[in-house]
Amino acid sequence: MKSGSLFCALPCNRLPVQLMSQVRVYTSNGQKKDLGSEDKNVSTPEDSVRKVGTESSLQTSERAKRLGGRDTGNADQKQTFLKEPIQVKVKAVLKKREYGPKYTQNNFITGVRAINEFCLKSSDLDQLRKIKRRSPHDDTETFTVYLRSDVEAKSLEVWGSPEALARERKRRKEAEIKYRENLFRNQRLLKEYREFFGNTKPRSSAAAMFFKGPGKVVMVAICINGLNFFFKLLAWVYTGSASMFSEAIHSLADTCNQALLALGISQSARTPDPSHPYGFTNMRYIASLISGVGIFMMGAGLSWYHGIMGLLHPHPIESLLWAYCILAGSLVSEGATLLVAINEIRRSARAKGLSFYQYVVQSRDPSTNVVLLEDAAAVLSVAVAATCMGLTSLTGNPYYDSVGSLGVGTLLGTVSAFLIYTNTEALLGRSIQPEQLQRLTELLESDPVVRAIHDVKATDMGMSKVRFKAEVDFDGRVVTRSYLEKQDIEQLLQEIQQVKTLEELEAFMLKHGENIIDTLGAEVDRLEKDLKQRNPDVRHVDLEIL
């Protein structure tokens, strides 16, 4: 851009003053040029500025002459010219880039993808440039990646042309489809073989769960309740007592429900898969919930029905001697199972730092809770049934026996309602205790790299597994300082001094900007690792960067 002259006249009754302004404009390369020193034959965008200034000067001059003709006394006076330079600065703006193949060819690709997508061998990758990248997982070291452009060039070198590579991909795709079809056919044949000859697969390691902890408690309860059901059923057939029938139904319901709990325990040990990334631990709560519903429907419902029918249609009861003996044996066996469940809950509650009551109410171990409550209800129901049968024997009134059946049904209904409530709360995803959540929050807020945290959620996934989620506002200055502490400051200063052009500045910022982002990812991994180490219950941590 060049400078030009701008002529203007100011009307005045006494002295017409003409001003001449010289405009100096700077080009984007920083060179100052004068309009008068340029070649007038060259047509440039700056010439239009000069042209406009000249036309304005002519128009203003004609107007001044007309005004001068009106006042001839002032026409002979000298004109005064004032030249004031005006400087205009042009700001350099970085041109917006279109990210085409120049940038996408620098994308990274892992060795497995390179072999699968470009039909290469591992030996083909040995000749390519290797780049170490930080792993996004805290339990994995750095891994090796390759430039996608290098891999594409190597694939063309190996196969000769893109058409040959496409044919090889098609051939491998067809071979993979054929392999899957054969695999499916073999699996179906193996299933048919097992159905015909029997499953001879060795016992899974999941069976070891039934020899310790909650699995052991459940298996003991299944055996004892099964025997109790058999003997109570015989006593009811012999005596016809409504209370004894309720006890038999109660033992049958306990046996079925505890078998369901055993199924839930075995299913909860399954390994997480892509469809269930957080595992199958909730199967214990689902089995306990169904067990609670079964107790209500089978145990409480049948006991109420038999008690009501006894009140409506009373009938005399035979000798209750055998019933008393069976109830005494049932009391001993149910009490033994109850003690096993109590000891297991005490041990688990002590390990978690909770009281016995808190451990039961929070349903930390649903399988053991079901056994505990069922056996406690069994012991109480045996006492109720024995009392009502004793009153019937003393008074000869069969209504006491029917009332005992109603009492056992009411007790079972209360237990089932508690189990349904606690397991439903666990399945809905309740929050952890406020004290534990406060400890997790304070641990994050005390870290220097964290400026603030928002939207904190900690969900109890069951079986002492917690999922923690929070939105974290990181302090960018601390992250950048953490990156600079690992760099050679003198070398970094030399790199800055060598930056002369916009392209060099862009390359410098892209290099160190990516490294700072990697540093931020490393800080996130460190925080997640600290949370898991200091709080073993925290299994999954999701930190969102604000």
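Which helix holds both E176 and R180, and how many residues apart are they? Select helix α6, residues 162-197. Both E176 and R180 are there, four residues apart, or about one turn of the helix. Keep in mind throughout that this is a predicted model.

**Stop 1: the pair in α6**

Show the side chains of E176 and R180. They meet in a salt bridge, with an N to O distance of 2.8 Å. E176 is partly exposed, at a relative accessible area of 33%. R180 counts as exposed, at 54% relative accessibility.

**Stop 2: the pair in α5**

Move to helix α5, residues 148-159. Select K154 and E157. They lie three residues apart in α5, about one turn of the helix. A salt bridge joins K154 to E157, and their closest N and O atoms are 3.7 Å apart. Which of the two is buried and which is exposed? K154 is buried, because its relative accessible area is 7% and the cut-off for buried is under 20%. E157 counts as exposed, with 57% relative accessibility.

**Stop 3**

R148 is partly exposed, with a relative accessible area of 25%. E117 is also partly exposed, with a value of 27%.

For the overall count, a search of the whole structure finds 20 salt bridges.

**Stop 4: the sheet**

Switch to cartoon view and select β4, β5 and β6. They make an open sheet of three strands in the order β4-β6-β5, with antiparallel pairing. Where are the edges of this sheet? The edge strands are β4 (108-110) and β5 (131-133), each of which pairs on one side only. Ignoring direction, neighbouring strands of this sheet are turned by 50° against each other on average.

Strands of a sheet pair through backbone hydrogen bonds.

- β5 with β6: three bridges join β5 to β6 (residues 143-147), and the two run antiparallel. Select K132, then look across to T144 in β6, which stands opposite.
- β4 with β6: three bridges pair these strands in the antiparallel sense. Select F108; its bridge partner in β6 is L147.

**Stop 5: α3 against the sheet**

Bring α3 back into view with the strands still shown. Which strands does α3 touch? The helix α3 packs on the sheet and touches β4 and β6. Look along the directions of α3 and β4: the angle between them is about 85°.

Technical notes:
Residues are numbered from 1 along each chain as its sequence is written. This is a predicted model: local features need pLDDT of at least 70, side-chain atom pairs count only at pLDDT 80 or more; totals for chains, interfaces and linings use all residues. Side-chain values use heavy atoms; hydrogens and water are left out. A salt bridge is a side-chain nitrogen of Lys or Arg within 4 Å of a carboxyl oxygen of Asp or Glu. Buried means under 20% relative accessible area, exposed over 50%, partly exposed in between (1.4 Å probe, protein chains only). Two strands pair if DSSP finds at least two bridges between them. Axes are lines fitted to C-alpha atoms, for helices over the stretch in contact, and angles run from 0 to 180 degrees between N-to-C directions. Contact means heavy atoms within 4.5 Å.
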